[in-house]
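Dear colleague,

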Amino acid sequence: MLIGGSAWKYGDHVDTDAIVPARYLNVSTTEELARHCMEDIDIGFADRVEQGDVIVAGENFGCGSSREHAPLAIKGAGVACVVAKSYARIFYRNAINIGLPILVCSEAVEETEKGDRLTVDLRAGTIINHRTGRTYCTTPFPDFVMRLIEAGGLVAYTRQQMAGEA
């Protein structure tokens, strides 16, 4: 599964309230959550991000409250993948559960600048930065996680299984 888009770069400890402010937790649709994605740390992000773009961040991305709203907002905004140095554990699990691929690759984070064009191959576990010409290696997802991501998340995968489609 190939992903290609522009990089949106953020620092360390981007918490779930920065990803989607708590004042929007009463919102019930992914589309509405997406309109508020990153708005307190990057005004206008939701208006500028394009389908397939990649968030690149430092340590402990997704720390804070254990809510699915944050990865839902990211995915709903069109971000196809997150690459960070590390993640909060519950954010990592919530992201996989909703089908948002997230990779750990410190070297790619260090050498990526906002706006760089990236190509991410989830099956191979590679990230190519087209500005630098560098290819970074990360651990590819196991097959069962790839099936969840390709299905659109755990609920969609389960529905496919129950319908005999997967």
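The structure holds zero disulfides, a disulfide being a pair of cysteine sulfur atoms within 2.5 Å. The sulfur of Cys81 lies 11 Å from the closest cysteine sulfur, that of Cys105, which is too far for a bond, and Cys137 is likewise in no disulfide, with the sulfur of Cys105 as the nearest cysteine sulfur at 7.8 Å. Cys81 counts as buried because its relative accessibility is 0%, whereas Cys137, at 65%, counts as exposed; buried means under 20% relative accessible area, exposed over 50% and partly exposed in between, with a 1.4 Å probe and protein chains only.

Please keep in mind that this is a predicted model, in which local features need pLDDT of at least 70 and side-chain atom pairs count only at pLDDT 80 or more, while totals for chains, interfaces and linings use all residues. Residues are numbered from 1 along each chain as its sequence is written, and side-chain values use heavy atoms, with hydrogens and water left out.

A search of the whole structure finds six aromatic pairs, where rings of Phe, Tyr and Trp (its six-membered ring) pair if their centres lie within 6.5 Å, and planes under 30 degrees apart count as stacked, over 60 as edge-to-face and the rest as tilted. The rings of Phe61 and Tyr87 are edge-to-face, because their centres are 6.3 Å apart and their planes stand at 85°, and both residues are buried. Phe61 also forms an edge-to-face pair with Phe91, with centres 5.3 Å apart and planes at 85°, and Phe91 is buried at 2% relative accessible area.

Best wishes
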